[in-house]
Amino acid sequence: MKRPVAIIVVLLVLSASLGYAYHEKSATVDEARAGLMAVSNTALFCLSDLGALETMLENNASEELVRERVGRYAFCSLMLSEASSSLYEVTGEEIYWNVHVAASNLADFFNHAKNSKDPRKPVAENLDVLLHIDREVSGMYRAWTRGNVTESMASQLLNLTEGLSW
C-alpha cells in the first residue's frame, strides 16, 4: 500500500515540476515575442516614410542628404530583418520568415545605395518600386500594431523587394 502512494506522490511532484517549468518557459517565450514585435513595429514605422525619397529627388536634395536617409533606411531594414528572423525562430510562422527576407533585400539595396558614388541614382532608378514598397510597409505597419499582418501582406512585400535592382 505504501509503494503505490509513494509512486503517486513522486508522479505528482514530477508533474507539478514539469508544469511549472512549461509555464515559466511559455511566459518567457511570450515576453520575447512581445519585445520582438515592438522592435519590428518600430522598424516598420521607420520605413513607412519611404515616400520621402521621391520628395527629396523632386527637390534636388544633396548626395549627402540622400545618403543619410538611405543609411537610416538600411539600419531600419536590418533591424526589421533581425527581429522578424527571431520571431520566426520563436514562433515558426512563415510570415515572419517572409518579412525577414524582404527586410534583408531592402537592407541590401539601401546599403548599396548608401555606398554608391551618387546615392540618388539607384534611388531614382528604383523609385516606382520603392513607392510601392512604401505603400505596402505603411499598410503593414497599421496592421502590425493590431496584430493583423497577413501572409499575403508579407508575400507582397517580399515580391516587391525582389523587384529592386542595383
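## Elements and model

Helices (H or I, at least four residues) and strands (E, at least two) are DSSP runs, numbered from the N terminus. The protein has seven helices and zero strands, and from the N terminus on its elements run α-α-α-α-α-α-α.

This is a predicted model, in which local features need pLDDT of at least 70, side-chain atom pairs count only at pLDDT 80 or more, and totals for chains, interfaces and linings use all residues. Residues are numbered from 1 along each chain as its sequence is written, and side-chain values use heavy atoms, with hydrogens and water left out.

## Confidence

The predictor's confidence in each residue is given as pLDDT, from 0 to 100. The protein averages a pLDDT of 88, and 83% of the residues score at least 70. Confidence is lowest in H1, at a mean of 70, and highest in helix H5 (residues 120–125), at 98. Where pLDDT is low, the predicted coordinates should not be read in detail.

## Burial, surface and contacts

A residue is buried under 20% relative accessible area, exposed over 50%, and partly exposed in between (1.4 Å probe, protein chains only). Buried residues make up 39% of the 166 residues in the protein. The accessible surface (Shrake-Rupley method, 1.4 Å probe; for residues, only the protein chains shown count as cover) comes to about 9500 Å², and 57% of this belongs to carbon and sulfur atoms.

A contact means heavy atoms within 4.5 Å. Of the contacts with a separation of 6 or more, 75% are between residues 24 or more positions apart.

## The disulfide

A disulfide is a pair of cysteine sulfur atoms within 2.5 Å, and the structure holds one. Cysteine 46 and cysteine 76 form this disulfide, with their sulfur atoms 1.8 Å apart. The link of cysteine 46 and cysteine 76 is right-handed, with 75° about the S-S bond. Cysteine 46 belongs to helix H1 (residues 2–47) and cysteine 76 to helix H3 (residues 63–91), so the pair ties together parts that are 30 residues apart in sequence.

## Helix H6

Helix H6 (residues 127–146) has 20 residues, which at 1.5 Å a residue should span 28 Å. The expected span is 1.5 Å times one less than the number of residues. The end C-alpha atoms of H6 are 29 Å apart, which agrees.

Among the buried residues of H6 are Leu127, Leu130, Leu131, Asp134, Glu136, Gly139 and Trp144. After H6 comes glycine 147, whose phi is positive, near 75°.

## Aromatic pairs

Rings of Phe, Tyr and Trp (its six-membered ring) pair if their centres lie within 6.5 Å; planes under 30 degrees apart count as stacked, over 60 as edge-to-face and the rest as tilted. By this rule the count comes to six aromatic pairs. Tyrosine 96 and tryptophan 144 form an edge-to-face pair, 6.0 Å centre to centre and with 70° between the planes. Tyrosine 96 lies in helix H4 (residues 94–115) and tryptophan 144 in helix H6, so this pair ties together parts that are 48 residues apart in sequence. Tyrosine 96 is buried, with a relative accessible area of 7%, and tryptophan 144 is buried at 5% relative accessibility.

Phenylalanine 109 and phenylalanine 110 also form an edge-to-face pair, with 5.3 Å centre to centre and 65° between the planes. Both phenylalanine 109 and phenylalanine 110 are buried. Ring pairs link Phe109 and Phe110 with Tyr73 and Trp166 into a cluster.
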